[in-house]
Amino acid sequence: MLISVSKAEKLIYEALPVPKLTAIPLVEANDTVLAADIKSERDYPPFDRITKDGIAIASASFTGKEQHMDLSGYAQAGKPQAVLKDGGTAIEVATGAPLPQGTDAVIPYEEIEKQAGSVVLNTQRVRVGQHIHPQASDCKEGTVLIKKGAIIGSPEIAILGSNGIHTVSVYAKPRIAIITTGDELVATDAKIEPHQLRRSNDVMLLAALQGHGFSNVLCSHVPDDAAQLHAEFVKVLKVSDVVLISGGVSKGIYDLIPDVLKKLAVKNIFHGVCQRPGKPMWFGKKKSALVFGLPGNPVSALTCTLRYVVPALKKMSGYVEPLKDYKTLGEAVDVNVPFTVFLPVKTKLDNGAVSVPNNGSGDFTSLVDSSGFIELPSETHHFYAGERYPFFPWRTPCQL
Ligand code: AMP
Ligand code: MG
């Protein structure tokens, strides 16, 4: 019996194992989810930090434009705090150095004229604290800077690095296996016979997963042979959190996957979803390992991966709610089947998302002209321009 898309999504989410904790090097933490609050190691800035190259003075010694002041030292970044011994003089300072003791204002080089051993000031006024980033003005020691559950990107990496977090506590990304099946399929670089096809789902799904930050992926190809499929599944189930199988889940004589998985005691949770493309999709679980049986037609395999697998992987990796994007329909669409339709669309047009003609779920050539697919729910048959529906891009932002 076919189940609805929302039921399939619910059953998948219910089957997800709880996210696992791990500790990884900071340089590998981009695009992971933080598993513990991060508190500031110390005040930031940890001292009154100079923000302009120039001189530091005690503002009370400023008498006006054209004032001459002797230079009595240099405060260099990376050196301990300098001290202004004679209040009537100035200390030359570098951006990033601690403000010298006894000074309270910085005058940049643009507002002075430097001479041998002295400077002439070329400014009308000096404000206490000018060009100084005060100690603890960004945050105090012990403040929570990033909360558990945050997605780590460039700003978070900077904060972690500056607070001495060399190893980061995050949720582990799943170990994934992609197994393509099909006697008719040969490798990209193989000699090809007229009756054969080159396989592309392995590299396509790998790219889709990598694009979403999942790169711990093993790929293998197995012919439509029950014994060989059985042996490969035994192997990958031992070392994978998620297994994606491409092909072999429909009704043909050589669609062997459901039976082979049954013999391996992989529990079937659903087989068949009221959706187009992707109707024969199979989903199950063995212990905590999830198994997605994806229809082999390339458009179906990619659509099911983006619609179900990627959000599941994100939840397993600690994402609270994977974001859904929406697009506005730029044309009316009529659907004459009682299925949820995943419609490939162009979106880079002013008037909204417009469908791209294709020859069905085997026609991946046509995808090149589309940006992704929108999800048109099964309850409705007439969709109008201006309505908004969930959108799933084929390509990730860095590929746009
Ligand atoms: P199946 O789901 O195994 O019945 O496959 C459906 C269609 O998708 C068949 O025409 C297959 O040749 C094609 N197909 C299956 N796997 C791949 C693959 N890895 N790359 C390209 N086409 C595939
Ligand atoms: Mg097949």
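Student: Ground rule: a polar contact is a pair of N or O atoms within 3.5 Å. How far is a backbone N or O atom of Asn-201 from a nitrogen atom of ligand 1?

Tutor: The separation is 3.2 Å. Keep in mind that this is a predicted model.

Student: And what about a backbone N or O atom of Ser-200?

Tutor: That one also faces a nitrogen atom of ligand 1, at 2.8 Å.

Student: Which ligand atom does the backbone of Gly-248 meet?

Tutor: An oxygen atom of ligand 1, which lies 2.9 Å from a polar backbone atom of Gly-248.

Student: How much of ligand 1 does the protein cover?

Tutor: Taken on its own, ligand 1 has 490 Å² of accessible area, and the protein covers 80% of that. The space that ligand 1 takes is the second largest pocket.

Student: How many residues surround ligand 1, and which are closest?

Tutor: There are 16 around ligand 1. The closest are Glu-184, Ser-200, Asn-201, Gly-248 and Gly-296.

Student: What's the class make-up of that shell?

Tutor: Nine polar, four nonpolar and three charged residues.

Student: Where does Gly-296 sit?

Tutor: In the loop that runs from strand 21 (289–294) to helix 6 (298–316). Gly-296 counts as partly exposed because its relative accessibility is 33%. In space, the C-alpha atoms of Gly-296 and Gly-182 are 8.5 Å apart, while 114 residues separate the two in sequence.

Student: Switching topic. Which peptide bonds are cis?

Tutor: Two to look at. Tyr-44 and Pro-45 are joined by a cis bond, with omega about -5 degrees. The bond from Arg-276 to Pro-277 is cis too, with omega near 0 degrees. For context, most peptide bonds are trans.

Student: Where are those prolines?

Tutor: Pro-45 is in the loop between strand 2 (38–39) and strand 3 (49–50). Pro-277 is in the loop between strand 19 (275–276) and strand 20 (282–286).

Student: Which residues have a positive phi without being glycine?

Tutor: Ala-265, at about 60 degrees, is one of them. Lys-287, at about 50 degrees, is another. Most residues other than glycine have a negative phi.

Student: Is Ala-265 buried or exposed?

Tutor: Exposed, because its relative accessibility is 55% and the cut-off is over 50%. Ala-265 lies in the loop between helix 5 (257–263) and strand 18 (267–271).

Student: And Lys-287, buried or exposed?

Tutor: Lys-287 is exposed as well, with a relative accessible area of 76%. Its loop links strand 20 and strand 21.

Student: Last one. Why does Ser-366 count as buried?

Tutor: Because its relative accessibility is 12%, and buried means under 20%. A polar side-chain atom of Ser-366 lies 3.0 Å from the backbone oxygen of Asp-363.

Terms used
Residues numbered from 1 in each chain as written. Chains lettered and ligands numbered in written order. Predicted model: local features only at pLDDT ≥ 70, side-chain atom pairs only at ≥ 80, totals over all residues. Heavy atoms only, no water. Near = heavy atom within 4 Å. Polar contact = N/O pair within 3.5 Å; in protein donor to acceptor, adjacent residues only side chain to side chain. Areas by Shrake-Rupley, 256 points an atom, 1.4 Å probe, with all protein chains shown as cover. 1 Å grid on protein atoms, 1.4 Å probe; cavity = no way out; pocket = protein on both sides within 12 Å on 5 of 7 lines; lining within 4 Å. Sits in = over half its atoms within 2 Å of the grid points. Nonpolar A, V, L, I, M, F, W, Y, C, P; charged D, E, K, R; others polar. Helix = DSSP H or I, 4+ residues; strand = E, 2+ residues; numbered from the N terminus. Buried < 20%, exposed > 50% of the residue type's maximum accessible area, 1.4 Å probe, protein only.
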